[in-house]
Every structure is written in C-alpha cells, then in structure tokens.
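Welcome, and thanks for taking a look at this model with us. Please have the sequence and the structure open side by side as you read.

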Amino acid sequence: MTTSPRAARYAAAAIRISGGRPLTGRIAVQGSKNIALHLYAAILLADEPVTLHRTPNIIDTQVCARILRRIGADVEEGDERFAVTPANVVEPVVDLELGRRVRTTAVLGAAVLSRAGRVTFPLPGGDAFCPRYIDRHLAAMSAAGAEVSIEGDRIRASFDNGCPRPFRTDVDTRYGPSLGATVSALLLAARAPGTSLITHPSIEPEVLDTAQFLASGGVDITLDHEGLHVTGTDRVGGGVFTVAGDRIEAATMLMAAAATGGNVHLEGIIPAEFPEGLVSVLADAGIALHATPCGTYTMPCHELTAVYTATGPHPGLPTDTQPQLTALLTQARGVSRIEERVYPRRDTHVAELRRFGAILSSTDHRISVHGPIRLHGAEAQAEDIRAVTALVIAALIAPEPSTIRGMYHLRRGYGRLLANLATLGADISTDQET
Ligand SMILES: CC(=O)N[C@H]1[C@@H](OP(=O)(O)OP(=O)(O)OC[C@H]2O[C@@H](n3ccc(=O)[nH]c3=O)[C@H](O)[C@@H]2O)O[C@H](CO)[C@@H](O)[C@@H]1O
Ligand SMILES: C=C(OP(=O)(O)O)C(=O)O
C-alpha cells in the first residue's frame with residue numbers, strides 16, 4: 001500500500017483508551033464499506049445519473065470518489081450520499097497513485113475496460129496482511145476478449161473491437177470463490193452483447209447488491225447451479241440506491257460490547273443481515289442476536305465460552321471479523337481455535353494482542369486463544385483495518401490506559417466507530433487529526 005501525506009499524518013496519530021467499563025447503549029451502523037466500494041465501481045457502467053444513499057464517510061470512499069472524478073465522472077459527495085453523473089468521455093485510466101491505495105482497483109479497472117474498451121490500472125492497494133492475488137480478475141478480462149499485459153506494477157487491457165464479448169469464466173481460487181473477481185466479471189458481462197456465464201461465483205452481499213444494481217439498470221442476471229448468467233446491454237440505467245448496513249462494523253460493535261460485559265442495540269441492521277457463520281459462532285460463544293423493530297439487540301453475556309471455528313466464504317464466518325473475534329475470545333473460558341481459510345494468513349493482530357497480556361499463538365493460518373485472561377493496558381501498533389479494531393477491543397477490556405497507533409487503518413474503513421464507542425460509554429480520545 002502506498003502512503004499519502006494524510007496516511008503519514010494518521011500513522012503518527014494515536015487512539016487513547018481507558019477500558020474496564022461495560023459498553024452499553026444504542027448506536028446507528030454505517031453503510032457497508034465493501035458494498036459501497038463495489039457499487040462505486042459499478043456506477044461507472046451507468047449511462048444515467050446514479051445516487052447512492054448511506055455511503056460511509058471513510059478514506060476509501062473518498063479515494064474512490066477522486067478516482068471516479070479523474071475518469072471523467074461528475075461526482076457530488078454529500079452527507080452519506082454519493083451522486084454521479086456519467087462521463088461523456090471516459091479517461092481509460094484508474095489513477096495510478098490513488099489506485100494503489102484501495103483494494104477495489106482491479107474491479108474499477110474492469111468497470112473502465114467494460115465501459116471504455118481499454119484501461120490502465122495499477123496493482124491494487126488495501127490491506128497487506130498477505131499476498132492478495134488478482135489472476136481471476138485478469139482471466140475474466142481475457143475471457144471477455146481483452147489483450148491483457150502487465151508492465152511492472154501497471155496493468156493494461158484493451159478490446160480490439162472496443163467492447164467485451166460474451167464469455168465464460170471461473171472465479172474460483174484455492175481459497176474459495178473470489179468476491180472481487182466475481183464483481184469484475186459481472187461488470188464485464190454487463191456490457192457484452194449476449195449471455196456470459198460466471199462459474200463458482202461468490203455470493204457475498206457485495207456481489208448480490210452489485211448484481212441488483214445492474215439488474216435494475218437493465219442487465220439480465222440469474223443465479224443457478226451453474227453460476228451467474230449475465231445478459232449484457234449497451235445501455236445501463238441509473239437510479240437511487242441505499243447501501244446496506246455494515247455487517248462488519250456491526251459485528252465489531254457487538255463483540256466490543258460483549259467483551260466488556262455490556263450489551264448493545266444496533267440500529268440499521270437486522271439479525272438476518274449477519275452471515276449465518278457469524279451468528280452461529282457468536283451463539284456458541286454465548287452471544288445471541290435478537291431482532292428489534294429497527295435493528296439488532298444483544299443481551300449482556302455473563303460467561304463467554306471458547307469456540308472452534310474457521311472463516312469461509314459467505315454465508316460462513318467473515319474473514320473481516322476474525323481479528324475482532326480473536327480479541328473477544330481472550331475473555332472466553334477455555335482454548336479457542338480459529339482457522340483463517342479465506343487468506344493464507346491474517347494475523348497481524350496476534351503479536352500486538354500479546355502486549356495486552358493475551359495468551360495466544362498463530363501458526364500459518366491457525367490461531368489459538370486462551371481465556372479468560374485479565375488484559376492490562378498497553379501500547380500497540382495496528383497494521384490493517386480489522387487488526388486496529390481487535391486492538392481497540394483489547395484496550396476496552398483492559399482497565400488501564402492504552403495507546404493504539406494505526407489511525408489510518410481505522411479511518412480507511414470506519415466513519416464513526418470511535419464516536420459510537422464513546423456513545424456506549426467508552427473513555428476514548430484521539431490525537432488532534434490535522
Ligand atoms: C470470499 C471472501 O471472503 N472475500 C473477502 C475478500 O474479498 P476480496 O475481493 O478482496 O478478495 P477475494 O475474495 O478476491 O480473495 C479471496 C482469496 O482468493 C485469492 N484470490 C483472489 C482473487 C484472484 O484473482 N486470485 C486469488 O487467488 C485471494 O488471494 C484470497 O486469498 O476480502 C475482503 C476484505 O478482507 C472481504 O470483505 C471478503 O469477504
Ligand atoms: C481487508 C479489508 O479491506 P481491503 O480489502 O479494502 O483491504 C477489509 O475490509 O477487512
């Protein structure tokens with residue numbers, strides 16, 4: 001990931017927390033970071049204006065808005081609102097510096113290729129907790145008829161005849177279906193004149209919501225045992241859409257509350273929006289989710305229990321909740337084991353959690369956590385977006401003051417997480433952000 005001047009400022013900023021108090025109360029969940037980011041790419045296909053509501057106010061959406069502007073779109077950013085009037089002339093480049101800062105760069109690249117017939121984009125950024133491949137994105141581009149070449153960290157793709165042809169592509173990887181490659185393939189197929197087939201697709205909400213967006217714009221999409229069948233159109237409609245609640249932020253908040261012996265009422269996300277794998281591991285640990293008229297409620301949990309679990313593709317346990325779950329399980333009775341199966345490893349939080357007194361180990365993709373442990377205050381450094389929230393949870397448990405650096409990662413994905421924690425009663429402050 002490249003660093004911007006803002007990233008350098010955030011890197012020096014610290015989050016200060018004095019924990020040891022149960023977090024209790026009611027908060028509103030932001031719109032989903034990952035759904036919003038994939039929709040920002042899909043918007044590039046629309047021939048009519050699009051407005052998204054409930055967009056999270058985070059660094060990643062700001063960076064993508066700038067990328068869209070440089071491509072030529074007329075972009076208007078408001079309070080949790082993002083409106084785009086399509087470009088008459090599409091600049092077929094995902095800005096090389098901005099594109100290195102976000103993960104959806106290859107998906108943006110597919111969108112520009114689909115729309116403009118050619119594109120140059122850099123290798124994506126985002127978290128760097130392990131190698132994150134994009135070969136299935138490039139395979140979808142080739143299958144759609146593009147000539148694809150890689151020069152250093154720059155990828156070029158172009159169609160001879162200026163548009164994608166109907167194609168068949170498989171987006172499976174050794175770690176399961178690729179979410180991002182499924183969306184890239186969808187965006188290419190959406191403008192191909194005929195029916196394409198995407199086999200072994202991811203069915204994460206990011207994919208289904210992007211498919212719904214395209215379907216409402218006139219693209220015919222069906223999912224069956226063979227995969228996603230997509231019949232493209234040469235004119236994609238626009239409209240108004242609302243981004244679903246951020247299930248990862250919601251899960252983080254309820255785990256923070258449970259880890260401190262508190263309970264939380266989450267507005268803007270209902271229990272059915274939490275993946276089954278997450279609901280069942282939380283239930284095994286002793287945390288039940290209840291539906292309320294406008295959200296989700298958790299009861300205080302008196303004793304957390306150790307679990308054996310593994311991350312997996314939707315509707316399994318999301319990899320993006322694994323670090324927070326690791327922190328929570330330091331308070332659960334027994335030895336917990338979590339296998340990371342979406343990535344070869346995702347464990348930058350493990351060594352940092354030890355600074356709080358946690359007893360845990362990590363071997364390749366397996367993490368073991370002993371509990372319950374009385375955590376103490378610590379100074380820790382977060383290296384990625386969910387690791388930072390795992391460390392925040394540890395600091396909320398520890399009664400002594402803690403300092404966590406890595407604010408950039410937090411601001412990349414969460415618009416008001418710290419404010420929400422304060423609303424629940426956390427003693428939390430940050431350095432002045434300039
Ligand atoms: C299926 C899944 O859970 N995907 C997660 C993944 O989406 P994201 O779209 O970022 O990543 P992918 O789903 O594409 O990657 C999943 C795995 O497949 C591998 N891979 C991917 C593409 C490719 O072309 N070749 C390849 O080998 C990756 O290296 C990774 O190990 O990270 C996001 C951020 O953490 C999460 O929100 C998503 O839930
Ligand atoms: C790893 C994540 O983000 P990104 O793919 O943007 O790096 C995440 O959302 O947990």
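## Terms and numbering

A residue is called buried if 20 or more other C-beta atoms lie within 10 Å of its own, exposed if 12 or fewer, and partly exposed in between, with C-beta atoms placed from the backbone. Helices (H or I, at least four residues) and strands (E, at least two) are DSSP runs, numbered from the N terminus.

This is a predicted model, in which local features need pLDDT of at least 70 and side-chain atom pairs count only at pLDDT 80 or more, while totals for chains, interfaces and linings use all residues. Residues are numbered from 1 along each chain as its sequence is written, and chains are lettered from A and ligands numbered from 1 in the order in which they are written.

## An enclosed helix

Let us start with helix α7, residues 179-189: eleven of its eleven residues are buried, so the helix is largely enclosed by the rest of the structure. The buried residues run from Leu179 to Ala189, and among them are Gly180, Thr182, Ser184 and Leu188.

## Two domains

The protein chain is assigned domain 1 (5-29 + 246-430) and domain 2 (33-239); such bounds come from an automatic or database domain assignment. Their C-alpha centres are 30 Å apart.

Where the two meet, 18 residues of domain 1 are in contact with 15 residues of domain 2 (contact: C-beta atoms, placed from the backbone, within 7 Å). Helix α14 (residues 407-413) supplies the largest share of the domain 1 side, three residues. By class, that side has six nonpolar, five polar and seven charged residues. Here Ala, Val, Leu, Ile, Met, Phe, Trp, Tyr, Cys and Pro count as nonpolar, Asp, Glu, Lys and Arg as charged, and the others, Gly among them, as polar.

## A helix pair

Helix α2 (residues 33-42) and helix α5 (residues 105-116) pack at an angle of about 20 degrees, with axes 8 Å apart. Axes are lines fitted to C-alpha atoms, for helices over the stretch in contact, and angles run from 0 to 180 degrees between N-to-C directions. α2 and α5 are therefore roughly parallel to each other (angles under 35 degrees).

On the α2 side, the contact is made by His38, Ala41 and Ala42, and on the α5 side by Val107, Leu108 and Ala111. These residues divide into five nonpolar, one polar and no charged.

## Around glycine 99

Glycine 99 is found in helix α4 (residues 96-99). Glycine 99 is buried, with 28 other C-beta atoms within 10 Å. Leaving aside neighbours within four places in sequence, glycine 99 is in contact with Ile67, Val94, Thr105, Phe121, Pro122 and Pro124.

How values were computed. Parallel < 35°, antiparallel > 145°, perpendicular 65-115°, else oblique.
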